[in-house]
Amino acid sequence: MNIPNPIPTLRQRLLNIESLLRELSDTRDLRLYDETRKAQLAHSNPLNAFGKKCFSQTDEDGITIEILRRIGCLDNGTYAEYGVGDGTENNTLILAALGWRGFWVGGETLRPDINDGRGSNFQYAKEWITLDNIHDISSQCLQRLERKTIDVISLDLDGNDIHFMRSLLKVGHRPKLLIVEYNAKFPPPVEFEIAYDPKHVWQGDDYFGASLTSFVKEFHKFDYQLVCCNSHTGSNAFFVDSAYANYFKDVPPDLDSIYVGPRYALYTKFGHPASIDTIERIFDLL
């Protein structure tokens, strides 16, 4: 007679642990989604309620779309993003999905098979960005795209961001929307920016970028207005050309009411995982 072994095997124990970890991860993500949604709806800035994740790291995509909808710039635009990782999660993939032309600049090889560029629709410059090369790279990409201006610039390089944006604006770039990563550790009215270092690599600590107040003061010189900080992480700030200020009269006028502090918890899983085929299909349709 076969007597079942009451002691689970090592394999069974491991399977049980894996199942428990998946359940804990799912529960954490559901709680994080719920907390984020409450934070979006409770924020004094109505733009925060539009936050949604598609290809962005968290809720930036929905804010971007609402801002562009308000200013009447959802079609036929041009984007530029500096610091795009491996090309599967960033702030301008959603614009490519809307049919925009644009270019990316970054130091990694892209996972989607779009590294060689798509002629006048998309360009990727695999370069380490410095103040010495950012303008030449941008000009060359725009020329290949057959465009003269950029409608949206997103910049997330974990370091010299304010120095690069200052330089881009000084040479005359005039995007309708700027998306920048700010160092949310420093609440208003603290001013902080790291010293420019062309070899800077983020070490996972608090030495990166610039405070929200520093970005606001710098961009004010170029007549840009802060309209939102994303609720989920408190890491991305959205600035619009002041020519469009009338479309954002519902945004609180004071900086403290727009600021979002650091809340860097990220989803373990959000919906189905991103497919390289999906991203490549988006660029095939451009």
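This structure has 13 aromatic pairs, counting rings of Phe, Tyr and Trp (its six-membered ring) whose centres lie within 6.5 Å. It's a predicted model, where local features need pLDDT of at least 70 and side-chain atom pairs count only at pLDDT 80 or more, while totals for chains, interfaces and linings use all residues. Residues are numbered from 1 along each chain as its sequence is written, and side-chain values use heavy atoms, with hydrogens and water left out.

**An aromatic pair**
- Take W104 and F283: their ring centres sit 5.7 Å apart with planes at 80°, so this pair is edge-to-face (planes over 60 degrees apart).
- W104 belongs to strand β2 (residues 101-106) and F283 to helix α8 (residues 276-284), so the pair ties together parts 179 residues apart in sequence.
- Helices (H or I, at least four residues) and strands (E, at least two) are DSSP runs, numbered from the N terminus.

**Two packed helices**
- Helix α5 (residues 161-170) packs with helix α6 (residues 212-220) at an angle of about 10°, and their axes are 11 Å apart.
- That makes α5 and α6 roughly parallel to each other (an angle under 35 degrees).
- On the α5 side, the contact uses D161, I162, M165, R166 and L169, and on the α6 side S214, F215, E218 and F219; contact means heavy atoms within 4.5 Å.
- Sorted by class, this contact of α5 with α6 has 5 nonpolar, 1 polar and 3 charged residues.

- The largest pocket holds about 980 Å³ of space; a pocket is an open set of points on a 1 Å grid, where a 1.4 Å probe fits, with protein on both sides within 12 Å along at least five of seven lines.
- It's lined by 37 residues, and the closest to its centre are G83, D156, L157, D158 and E181; lining residues have an atom within 4 Å of a point.
- The lining of the largest pocket splits into 12 nonpolar, 15 polar and 10 charged residues.
- In the second largest pocket there's about 430 Å³ of space.
- Of the 19 residues lining the second largest pocket, K53, E89, F270, H272 and A274 are the closest to its centre.

- P188 and P189 are joined by a cis peptide bond, with omega about 10°.
- You'll find P189 in the loop between β5 (177-181) and α6.
- N76 isn't glycine, yet its phi is positive, near 60°.
- N76 is in the loop between α2 (60-71) and β1 (78-82).

Notes
Grid points are joined across faces, edges and corners, and a volume is the space filled by probe spheres set on the points. Ala, Val, Leu, Ile, Met, Phe, Trp, Tyr, Cys and Pro count as nonpolar, Asp, Glu, Lys and Arg as charged, and the others, Gly among them, as polar. Axes are lines fitted to C-alpha atoms, for helices over the stretch in contact, and angles run from 0 to 180 degrees between N-to-C directions. Angles under 35 degrees count as roughly parallel, over 145 as roughly antiparallel, 65 to 115 as roughly perpendicular and the rest as oblique. Rings of Phe, Tyr and Trp (its six-membered ring) pair if their centres lie within 6.5 Å; planes under 30 degrees apart count as stacked, over 60 as edge-to-face and the rest as tilted.
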